[in-house]
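Here are my notes for your first look at this one. Have the model open while you read.

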Amino acid sequence: MQVARLRTVLLFTLLAFGFLVSNTLPAADKRSITETDLFQFNWIADPQISPDGSQVAFVKVSANQKKDGYDTSLWLVATSGLKEPRPLTAGPRDLSPRWSPEGKSIAFIRAAEKEGKPQPAQIYILSMEGGEARPITDLSKGTGSPVWSPEGKTIVFTSATSREDDKKRSSKKSEDKPEGTTDKDQIEPHESDVRVITRAVYRFNGAGYLDPKRHTHIWTITVPEVRGKSVTPQQLTSGSFDESNPTWSPDGSRIYFTSNRVAEPYYEPPHNDLYSIPRDGGEMVKVAGIDGVIGEFAFSPDGKWIAFRGTLNGHPVRSYSQPDLFVMENKVGVTPHNLTAEWDFDVGSGITSDQRAPRGSQPAEVIWSKDGMSILVVAAEYGRANIKRVDVASGRVEPVTAGDHEVIAYTASADVSKMALLISDPAS
């Protein structure tokens, strides 16, 4: 990939995405900033470039003054011609657009509203040929972001729903209601509001009280080819631990994920390992682990190697550890190699967190070059965050982008010839 090409993409990104903010600012004389100006803010999140590199789907985040919250909707912009972005959905709670491998549809999550209250987020499919988005999941505890299989027929996701939840829900739906009654007339069983706290960490800001008996597991669902056809999702993992970051192997035969298999991990230094399971479920295999945390990971084009962002714990324990880029053979039990051990900067880190969108993810991926000889990552260096190219054989780090800014998020086309970059600087 040439630096000149990336600069063109950068220019497109700044100009095309910048319209959303500029269009909301009133053309008036200079005045002092007031607190109500916050409601004019718009943010961009989760830029997802299409497989052929011709379009970028992203999340627009805006402040909702009446509801004292944020609205999110999906937008689309071409990567050439500097055309204005156009809305894909009206929102107000649409997130995580993910292109199908052939680029003909987008899966995303939507928290629909019922009786004025947001419901758990479900996976929807939106055809790029037109038509309304259609839901394909209906789980009582909602779903995480969708991840398409390489052949584009199955989606893997996470959910805190349990098999027992679905059984209870199905049983409730199948019960016959007395004639002339509605759902509101049905008497719900009383649930006690008494909480017995047995763990040191029992509540988070925003999330509220935690349920130590409920865990996030991996599910898959076959994408129905016919609109309106109902498909039952399959739960692949279970038990007393959470799984996250599900990713398909290049051949689609297995699903890889990270997990911390410690009951109360906050008593120990940060840690998780890399695991895999067959795509239809089965025995879980530990693929790799380090003395620390395994973050974002990706497979080489031929599937023989895995690169990941890892953070090693300090001994003695320290308040902060620098993340590095690791690479390993895609074999069970292989010791990962730290490619950037001698490079004294943070791999995968940023700088202006307070300028980031308050909703929507910010993908900072590990991206292999098409020939498998190098890896693209973001790195924080001297008050800036830019894309770096790391040579797999030598660990040599070279700049791909430059500037006094932060590359907050990025994704690449299927052939890695184009990238969509989300950029922030002190002024915009």
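1. Start at Glu-113, which counts as partly exposed at 45% relative accessibility. For the terms here, buried is under 20% relative accessible area, exposed is over 50%, and partly exposed is in between (1.4 Å probe, protein chains only). Keep in mind that this is a predicted model, where local features need pLDDT of at least 70, side-chain atom pairs count only at pLDDT 80 or more, and totals for chains, interfaces and linings use all residues. Residues are numbered from 1 along each chain as its sequence is written, and side-chain values use heavy atoms, with hydrogens and water left out.

2. What does the side chain of Glu-113 meet in a salt bridge? The partner is Lys-67, at 3.7 Å from N to O. (A salt bridge here is a side-chain nitrogen of Lys or Arg within 4 Å of a carboxyl oxygen of Asp or Glu.) Lys-67 sits in the loop between β2 (55–64) and β3 (69–78) while Glu-113 is in strand β7 (residues 113–114), so the pair ties together parts 46 residues apart in sequence. Strands and helices are DSSP runs numbered from the N terminus, with at least two residues (E) for a strand and at least four (H or I) for a helix. Lys-67 is exposed, at 57% relative accessible area.

3. Next, have a look at Glu-329 and Lys-331, whose side chains meet in a salt bridge of 3.5 Å, N to O. Glu-329 counts as partly exposed at 30%. The structure holds 16 salt bridges.

4. Another pair is Arg-279 and Glu-151, with their closest N and O atoms 3.2 Å apart in a salt bridge. This one links distant parts of the chain, 128 residues apart: Arg-279 is in the loop between β19 (273–278) and β20 (285–289), Glu-151 in the loop between β11 (147–148) and β12 (154–159). Arg-279 is partly exposed at 22%, and so is Glu-151 at 38%.

5. Now for strand β28 (residues 384–391): six of its eight residues are buried, so the strand is largely enclosed by the rest of the structure. Strand β27 (residues 374–381) runs antiparallel to β28, joined by eight bridges; two strands pair if DSSP finds at least two bridges between them. The two form a hairpin with two residues between them, and Tyr-382 in the turn has a positive phi of about 55°.

6. On to β29 (residues 397–399), which runs antiparallel to β28 through three bridges. Val-390 in β28 stands opposite Ile-375 and also opposite Val-397 in β29.
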